[in-house]
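This report covers an interface, a helix pair and some charged side-chain pairs. Please look at the sequence and the model first.

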Amino acid sequence: MLKRRIIPCLDIKDGRTVKGVNFINLIDAGDPVELAKVYVKQGADELVFLDITATIENRKALAVLVERIAAEINIPFTVGGGIDTVNDVSILIKAGADKVTVNSSAVRRPELISEIAGQFGSQCIVAAIDTKIIDNEWIVVVDGGRTPTELRTVNWALNVEELGAGEILLTSMNNDGTKSGFSLDITAQVSRSVNIPVIASGGAGSMEHFSQVFFNTECSAALAASIFHFGEMDIRELKKYLKHQGIAIR
Amino acid sequence: MIAIVKYSAGNIKSVQNALIRLGYKSIITDDPSELISSEKVIFPGVGEASSAMLYLRERGLDRIILSLKQPVLGICLGLQLMCRFSEEGETKCLGVFDTDVRLFPPVDKIPHMGWNNCLTMKGDLFKGLTINNDLYYVHSYYAEISTCTVATCDYILPFSAAMQQGNFYATQFHPEKSAETGEKILKNFLEL
């Protein structure tokens, strides 16, 4: 049986993980590769690295980092942040990334998704969608949630599928950072509407939140950042808990 | 020396990285003499079937691959190209395995993406493993089960997770991305 995936997300700035970590015995807690190795050992199913600075100088640092990750990590990983062109993608794929994720740039220029899918295949392109409730409606937001768009979230999700995205990373900005649980509402709507895998993101604070999103939506994976970084939740413990709940987990 | 077949498909380097982690030297090449003289050949790939076959034919690599006598391991698209025919781009393939490649019917999410276990497994590649060990898949097309099938997986329907015919081996999953289980399978192949 295909398993539901648990995906830790690492925020990268100048080649280092941004959020503090307190794993014991980590030689360099800010080194994303060291942190990634801990997650792999704990049983993470995939990893996502997001470059939150994404300036031109940092692109080179990111490519070097991706090469190091690819050399040391034996599970699939996605890289994103500031990808505007097929050339940006090409550099990251050549460095060893399995998938890339695009967000605001695809909202501004949707053809970017089909260009990437055309050159590297759909399996390579994860469309990240940030969403927020505005006037009782789930709307796509860009620029880290600051700028609302005219797009309704489910419509945009269907659109990115049509354009050739292989997967959707759906983040509810209403839930992100609250630790109050994933948005079951929009995650259920989107994962029911599209025929590609959906990764639920935003709001994970407890193990129950993961079982809720897996029980109540058709999402294929759940992503979280801070609860893993700060050592609040061990991925092994989480997966043991989810298995015990009867959810298909590796 | 292990040769990794260089062609238009992406992420070949991840196979090389996995070999380095296991302590094996490899070259990525489309030079026929290097392919023929290597101890083992890995034929990896993520990509589209018709353009990949075109690339192989233009360089005569289709005939070279078929003529190889050492152990050959196809991975993902590599497995599909070693079948007779693929629905992807209506492509005539290498025909090592006497079976065809079809698109999953759209009754569940496509691609089949993530970790899945085998329903059955046998043979050299799976020494030391059990059907409870999950492997990483990402594919929209699958090879039908045939007499060459040595492992089966179920997603939407049962399909070939791995095949073997003489010195030709192939996996639909990505051993290079399947953590320790995948490393064990690569090691089993490298130690053949």
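A salt bridge here is a side-chain nitrogen of Lys or Arg within 4 Å of a carboxyl oxygen of Asp or Glu. This is a predicted model: local features need pLDDT of at least 70, side-chain atom pairs count only at pLDDT 80 or more, and totals for chains, interfaces and linings use all residues. Residues are numbered from 1 along each chain as its sequence is written, chains are lettered from A and ligands numbered from 1 in the order written, and side-chain values use heavy atoms, with hydrogens and water left out.

**Salt bridges**

Over all chains, the count is 27 salt bridges. Between chain B and chain A the count is 2. The table gives one across the interface and one within chain A.

| Pair | N to O distance |
|---|---|
| D134(B) and K3(A) | 2.7 Å |
| K240(A) and E237(A) | 3.8 Å |

K240(A) and E237(A) both lie in helix α10 (residues 235–244) of chain A. They are 3 residues apart, so about one helical turn separates them. Helices (H or I, at least four residues) and strands (E, at least two) are DSSP runs, numbered from the N terminus.

**The interface of chain B and chain A**

Contact means heavy atoms within 4.5 Å. By that rule, 26 residues of chain B touch 32 residues of chain A. The buried area is about 2,400 Å², and carbon and sulfur atoms give 49% of it. In chain B, K109(B), M113(B) and W115(B) lose the most area to chain A, together 32% of what that side buries. Buried area is the accessible area (1.4 Å probe) that two parts lose on being put together, summed over both.

The interface also holds 18 residue pairs in polar contact, both residues at pLDDT 80 or more. A polar contact is a pair of N or O atoms within 3.5 Å; within protein, one must be able to donate a hydrogen and the other to accept it, and residues adjacent in sequence count only if both atoms are side-chain atoms.

Which elements of chain B each supply at least two residues of the side that touches chain A? They are α1 (13–21), β8 (112–116), β10 (135–139) and α6 (179–190). The largest share, 5 residues, comes from β8(B).

**A helix pair in chain A**

Helix α7 (residues 184–193) and helix α8 (residues 207–216) of chain A have their axes 9 Å apart. L184(A), T187(A) and A188(A) in α7(A) meet Q212(A), V213(A) and N216(A) in α8(A).

Conventions
Axes fitted to C-alpha atoms, helices over the stretch in contact; angles between N-to-C directions.
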